[in-house]
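Take a moment with the sequence and the model below.

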Amino acid sequence: MCDALKLPGNTRHSFRHTHATILREVGESLRTAQALLGHSDLETTLRVHTHVIPESQRRAVDKVAEILFADVRKTPATLESQTVN
């Protein structure tokens, strides 16, 4: 199939990795991915087939930063209105 579509280097196995990764990205449980991939061991699904998408990492860091630095991320206009003379 990959040869017919001129997708070099892709195998059926690489599509399994992609499938597991996208399932996790859209919020499906690892148990669901495990069942769909037919793994008997959840660790195989987690450690071998599921990968981190860089955009997911950025979103996670942004969410944590919003919590930790909620007061720091105010705009200059907001800060001016809070200045005490």
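A residue counts as buried when its relative accessible area is under 20%. Keep that cut-off in mind. The model is predicted.

Begin with the whole chain. It has 5 helices and 0 strands. Read along the sequence, the pattern is α-α-α-α-α. Of the 85 residues, 16% count as buried. The accessible surface comes to about 6,900 Å². Carbon and sulfur atoms account for 58% of that surface. Now consider contacts between residues with a separation of 6 or more. Of these, 33% join residues 24 or more positions apart.

Next, look at two helices. Helix α1 covers residues 12–25, and helix α2 covers residues 30–37. How do their axes cross, and at roughly what angle? The axes come within 9 Å and cross at roughly 155°. Because angles over 145 degrees count as roughly antiparallel, α1 is roughly antiparallel to α2. The crossing is right-handed. On the α1 side, R16, H19, A20 and L23 make the contact. On the α2 side, A33, L36 and L37 make it.

Stay on α1 and find T21, which is found in this helix. Is T21 buried or exposed? Its relative accessible area is 9%. That is under 20%, so T21 is buried. Which residues does T21 touch, beyond those up to four places away in sequence? They are H49, T50, H51 and I53. With H51 there is a polar approach to inspect. A polar atom of the T21 side chain lies 3.0 Å from the backbone nitrogen of H51.

Now move to the loop between α2 and α3, where α3 spans 42–49. H39 lies in this loop. Its relative accessible area is 14%. The same cut-off applies, so H39 is buried. Two polar contacts involve its side chain. One goes to the side chain of R16, at 3.2 Å. Another joins the side chains of H39 and H49, at 3.5 Å. Leaving aside neighbours within four places in sequence, H39 is in contact with R16, Q34, T44, T45 and H49.

Some of these names have come up before. R16 takes part in the contact between α1 and α2, and R16 also makes a polar contact with H39. H49 is touched by T21, and H49 is joined to H39 by a polar contact. Trace T21 to H49, then H49 to H39, then H39 to R16.

Technical notes
Residues numbered from 1 in each chain as written. Predicted model: local features only at pLDDT ≥ 70, side-chain atom pairs only at ≥ 80, totals over all residues. Heavy atoms only, no water. Helix = DSSP H or I, 4+ residues; strand = E, 2+ residues; numbered from the N terminus. Buried < 20%, exposed > 50% of the residue type's maximum accessible area, 1.4 Å probe, protein only. Contact = heavy atoms within 4.5 Å. Areas by Shrake-Rupley, 256 points an atom, 1.4 Å probe, with all protein chains shown as cover. Polar contact = N/O pair within 3.5 Å; in protein donor to acceptor, adjacent residues only side chain to side chain. Axes fitted to C-alpha atoms, helices over the stretch in contact; angles between N-to-C directions. Parallel < 35°, antiparallel > 145°, perpendicular 65-115°, else oblique. Left-handed = near helix turned anticlockwise from the far one by under 90°.
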